[in-house]
Structure formats: C-alpha cells, structure tokens
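Hi everyone, thanks for coming.

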Amino acid sequence: IASPSCATALCLAVMGDLWRSKKMSLVQLVVQNGAAHAVVSKLGELGMMQLRDLNAGQSFFKRSFVDEVRECDDLQRILRSVEEQLVEAGIAPSSSGATDPSLPSLDTVDAKLRAAEVEVETLKASQSLFERNNNALDEQSIVLEMGKKFYKTGAAPALSESDMATSLLSLTEFGGQASSMLSVLAGVIKTESVAALERVVFRATRGNAVFQQKTVKTKLLDTSGKVPELVQKTFFMVFFSGAVLGDKVSKIATYFGATLYKYPSTALDHAAMTYEVHKRKAESAQVLEQSTAILRGALTSLAAAYGPWSYVVAREKMVYDAATF
C-alpha cells in the first residue's frame, strides 16, 4: 500500500508500471511462419519479453499452428494417462528434465510416446486376459473341491435316496426324460445374489430341484463389469432330473450373473479333472507372473523417460501457443 505523500505520483504512473521491475518498451515483431518457432523459443529462453495476443477476437481454429497445438494437447493427454498408470502400479515418475542437455525433439517424443502407449495397452490387455483365465481356474478348482461335500452319484446329501427319487423323478410336466441318475449344475455367484437365485430356482422348478450353497472363504475376481474387482462369492450346486429342467436352471443362473462349470459325474473323472485343473493353474500362475514382470518393466522404462518427455511437450505447447498470438 502506497503512503499518502506518494498518491499524486502514483496517479501519474502508467498502468502496469508498478508491477514490473524494469521499464518496458512496446515492440512488434513480424516473423515468417517457418521461423516463428525458433524465434519464440529463443525469446522464451531469454525471458525478457511479455507477449500480447493480437488475435484475441479470432477463433482458435483460424489461427496459425493449430495442428501443432492439437498435437501437443493429445500428447499431454497420453502423458496424463501414463502418469495414472504409473501411480496405480506404485512407480514414481521421473522429475522434470529441464536441465537435461540432450532433450529429444517433439517428433521423437511423439513417436516414442505413442509407441509406448500402444505397448502398454497391449500388455495390460494380455495381463487382464491372463488374470481372467487364472481366476476361472481358481473357481473351477473351488467347484471341484466344494462339490465333493454335496455330490454323490444319484443322490444329494440333503435328502435320502428314496425321497430324492420320489420328488425328482415325477417331473411329468418337464418331459418324460427322467432317469435314475440325477443331473447336477454347479458354479459360483456373488454372495449378494445367491439368495435371490435360490428363490427363483425353487419357484421355477416348483420345488423339484435341490439347491446347495456354501460361501467361498477367499475373494474371487468379478469380470462382469468393465473393471474387474475382487468380490465375495458363493459356491452353489443344484440337483435336478431331466434335460429340460436343467436348461431352465442354467438360464436362470446365467441371468443372475453366475459362472457355471462342468462337474464330473464319477470319482474317476473327478480325479482326472482335478489333476488337469491343478496342472493348468500352475502353468497359468507362471505365465501371469511373467506377464506382470514384463508390464512392470515397460512401465519402469516409461517412468524414467516421463520427466524429459513431459517437459518437452509442455515447452513446445507454450511455444506454439505463443506463436498463435
């Protein structure tokens, strides 16, 4: 705040002089478009000029260097996406490369950054596919393990063999395909949906199907949404008789978002499938580990170049922005 004695002198001061450390002179430079980038870049390095926009009322799309500004905007978008992926992976990006004497050109950064974006997206897509495959094998293993507690050839543990035959083999409305061997349908579903699934199955079959369930202790991957997440799931097994009834129960379970898995009907097939699943789980875990290491290596290399690339793009964006004045 100025003192009262200086009020007269301050009123006579030119607007803006109080905020500058030195006297300013108004100059106008007329530069060809081919030399505009070099001139503006050098003026920026000197830091001795304040630029005014002489095209303030003109549309951005009618100015010079619009394509270059758009390209820098797109590169900054890619850099923001890269930064989010680095933070998600727990990798700290490198600091600004303003002091790096060997900074790459914008064209070099453009080519390398876009290639790195495609590479990371491809690796992440493969990683997601391997995670889904590994999760499916985990669920299949859980179905085989928990199913042994409920399944017995021709009967379910909740009812005696005679009661089961009486209740399930008299399904005349579903066709005459009943036999002495009960069919089974098994899978996993979100715990929050299992109660509704059980009610609908009971009503659709009029009580002629036995529904067994048990909560899985470990959380499993839910791949139904756009972003897979770990959720609590429940194993279920439905005993029924007849192909028509089985098709109806399968459609109901699929509607509720359940994942169905094949369950063997004999102990020999059960043992063979269990061995095959465990073998594939070991192979899948190894592939997933290698894929994770490759993705992390690519992100680590990208983090090292993030600082210089970000500085180059920001600098060129400011240069082209100033060249449009």
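Let's start with Thr 234, which has a relative accessible area of 0%. Anything under 20% counts as buried, so Thr 234 is buried. And just so you know, what you see here is a predicted model.

Where does Thr 234 sit? You'll find it in strand S5, which covers residues 233–240. Its side chain makes a polar contact with the side chain of Thr 191, at 2.9 Å. If we skip the neighbours within four places in sequence, Thr 234 is in contact with a whole list of residues, including Gly 187, Val 188, Ile 189, Gln 213 and Lys 214.

Okay, next residue: Val 82. This one is in helix H3. Is Val 82 buried or exposed? Its relative accessibility is 7%, and the limit for buried is under 20%, so Val 82 counts as buried.

Which residues does Val 82 touch, leaving aside those within four places in sequence? They are Leu 113, Leu 302 and Tyr 306. Take Tyr 306: along the chain, Val 82 and Tyr 306 are 224 residues apart, yet their C-alpha atoms are separated by 8.3 Å.

Now let's zoom out a bit. In soluble globular proteins, nonpolar side chains tend to be buried together. In our model, the largest nonpolar core has 31 residues, and Val 82 is among those with the most contacts inside it, along with Leu 113 and Trp 309. Helix H2 (33–46), H3, H4 and helix H8 (267–323) are the elements that give two or more residues to this core. H8 gives the most, with 14 residues. Apart from that core lies another one, of 17 residues, with Phe 150, Phe 239, Tyr 263 and Val 277 among them.

Last stop: empty space. Rolling a probe the size of a water molecule over the atoms shows where empty space is left.

Definitions and conventions. Residues numbered from 1 in each chain as written. Predicted model: local features only at pLDDT ≥ 70, side-chain atom pairs only at ≥ 80, totals over all residues. Heavy atoms only, no water. Helix = DSSP H or I, 4+ residues; strand = E, 2+ residues; numbered from the N terminus. Buried < 20%, exposed > 50% of the residue type's maximum accessible area, 1.4 Å probe, protein only. Contact = heavy atoms within 4.5 Å. Polar contact = N/O pair within 3.5 Å; in protein donor to acceptor, adjacent residues only side chain to side chain. Core = buried A, V, L, I, M, F, W, Y, C linked by side-chain atoms within 4.5 Å.
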